[in-house]
Amino acid sequence: MTFLLDLAIVTVSCLALGLASKYLRQAAIPAYIIAGIILGKSGFDFITSYEFVEWLGKIGVILLMFYIGHEFNFKGIKEPGRVFAGCTDFFVNFIAGFSLGLVIGLSLLEAFILASAVYISSSAIVISSLIENKRLIYPEAETVVWLMVFEDIILAILLVVLTSIMSGSLAMIPVSLATTLLFIVFILVLIGRLSNFISPLFERDDEIPILLIFALIFGFSALAPRLLDISLQALAPLLGISLQFHISEVIVAFFLGSALSGVKSFRKLFGATISFKNLFLTIFFFSFGMLFQFQFETLSSAYFVLALTALITISILGKFVSGALIGKRLHGSLETGLRVGAYTTPRGEFSIVLLAVVIGMETGNYELLLSLVVAYVIILSLIGSFFAKHGDMIGKAIMAGINKLL
Amino acid sequence: MRISELPEIGTKYEIESPKGDKVAVIFLTTGEIALYVLEAGAEKPSVTRLTAEEARRVGSVLTGAMLTIEHEDVEVSFSEISDLRINIHICPVTKYVIGKSIEDLAIRKKTGVTIIAVSRRGQSIISPPPEMVLEEGDLIVVIGEHEQIRACAREILGIK
């Protein structure tokens with residue numbers, strides 16, 4: 001019954017630290033990671049089967065991507081300035097992260113991964129903070145929500161690009177993108193075709209709907225990459241070259257989610273999948289922390305502390321700069337823009353998910369990068385929630401500072 | 001009225017008055033409804049979160065559907081049949097109807113409203129017979145749609 005003990009350790013510790021963080025009105029994500037660090041490999045080493053907890057965590061990532069795919073709503077792109085806002089957010093923050101990565105001595109690939117982690121804000125923290133801090137009536141709230149949607153699109157693209165770089169070469173990127181695109185079309189058409197058949201199944205009152213949804217999620221994300229492999233091999237003689245290509249399971253889950261959002265009767269069931277997502281995603285954060293190889297010498301070295309401080313400073317500055325540009329263009333006000341910057345400062349789940357999906361959790365080669373991003377996310381989710389909460393005051397203070405200087 | 005979709009949050013309906021006051025209603029994905037009021041020039045909005053039931057009550061007050069009579073008005077809805085809303089209203093009898101029988105008044109024929117009970121001297125008579133004559137001090141309990149009840153109050157009871 002050791003698995004039960006493991007489950008008890010995970011759920012009880014996450015519950016305790018999660019409650020504490022809610023009580024202190026802080027983001028819960030770092031609390032779960034810290035619970036994992038304390039009880040896992042670097043800490044008391046209480047877990048019997050790391051593999052088991054890691055598996056459960058992976059389900060969380062798949063469900064998270066499924067959820068995002070489902071909530072993904074592209075309609076907003078038609079509003080004026082939206083594309084500009086999304087691109088500004090991406091270029092400013094990605095370039096800032098990438099340059100800093102190179103400066104602190106990371107390889108090109110590592111700098112690319114770091115830049116992706118720096119760019120992506122935490123939708124979970126940002127959105128709950130908009131609701132809790134009563135910002136929804138302001139026009140910039142819509143801009144911020146839109147930025148979160150845009151970041152989801154970029155996340156999907158980054159994941160495709162990064163997994164293809166990791167499994168092959170740069171030359172594979174166009175092929176990967178094309179194959180993934182083909183694949184999305186395939187999923188969308190298939191779900192469209194099947195919707196007449198599956199739609200009534202979702203309306204049943206027994207266990208069939210929830211079984212069906214998990215069958216679709218697990219079925220697609222397990223079979224799709226294999227199917228692709230087989231068809232690529234079958235195509236190899238025709239094309240004259242053999243293609244090695246890997247499509248990530250989480251990408252499949254993402255597009256399955258967006259395909260299912262078109263099936264009306266699924267809406268009712270979606271609430272149930274959210275509960276599963278919340279549970280397994282918490283386990284994922286724990287498992288990430290638990291596998292993290294915490295090395296005190298590395299973390300306390302002057303070089304590491306300096307790099308981390310620079311990274312955090314650059315990340316905060318980056319969001320304020322992109323926010324200011326967006327605010328000036330979309331809302332005609334620098335102060336509004338600074339508020340956008342403050343609201344989008346928190347980083348969290350996506351930076352960690354990206355890292356876990358792209359390089360796995362237990363590879364020795366990326367030790368510095370892993371430590372850097374884990375420390376980074378823990379600190380920036382806390383600072384970020386503070387910024388998001390006091391966005392209006394921060395915006396005003398910076399404006400006062402700017403006016404004084406001029 | 002501006003309507004915008006906020007993914008992962010809900011749907012936002014927003015109105016700005018000529019004075020610059022803003023009111024926003026946000027149907028959250030949690031099923032709750034957030035009601036924002038931001039006065040022109042105010043620093044922070046006032047916000048309340050309503051359940052679906054509370055929001056409907058506020059809504060019916062705002063649409064003026066409730067009658068401006070001192071007595072109570074109850075709306076009954078059923079979770080099974082979501083589009084069925086029965087309005088039960090209590091009206092005091094007025095000089096226009098005292099001394100007349102329910103049959104004579106022909107309330108249902110004229111307005112579609114049905115009298116389901118009469119309260120007389122603290123005693124309730126459920127499903128009163130058509131020949132029952134209304135007396136001073138009676139309270140009549142009627143059901144019908146908002147518009148019908150309003151018509152009944154205006155045309156039969158003479159309440160403006």
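Biologist: How many residues of chain A are in contact with chain B?
Modeller: This is a predicted model, where local features need pLDDT of at least 70, side-chain atom pairs count only at pLDDT 80 or more, and totals for chains, interfaces and linings use all residues. Residues are numbered from 1 along each chain as its sequence is written, with chains lettered from A and ligands numbered from 1 in the order in which they are written. Two residues are in contact if their C-beta atoms, placed from the backbone, lie within 7 Å. On the chain B side there are 15 residues, and on the chain A side 14.

Biologist: Which elements give two or more residues to the side of chain A that touches chain B?
Modeller: Helices here are DSSP runs (H or I, at least four residues), and strands are runs of E of at least two, numbered from the N terminus. By that count, the elements are helix 6 (123–132) and helix 7 of chain A.

Biologist: Where does A34(B) sit, and what is its bridge partner in strand 5 of chain B?
Modeller: Strands pair if DSSP finds at least two bridges between them. Strand 3 (residues 22–28) and strand 4 (residues 33–38) of chain B run antiparallel, joined by 6 bridges, and I26(B) stands opposite A34(B) in strand 4. Strand 4 also runs antiparallel to strand 5 (residues 46–50), with 5 bridges. In strand 5, the partner of A34(B) is R49(B).

Biologist: In the hairpin of strands 3 and 4 of chain B, which residue takes a positive phi?
Modeller: The hairpin has 4 residues between its strands. The one with a phi near 100° is G31(B).
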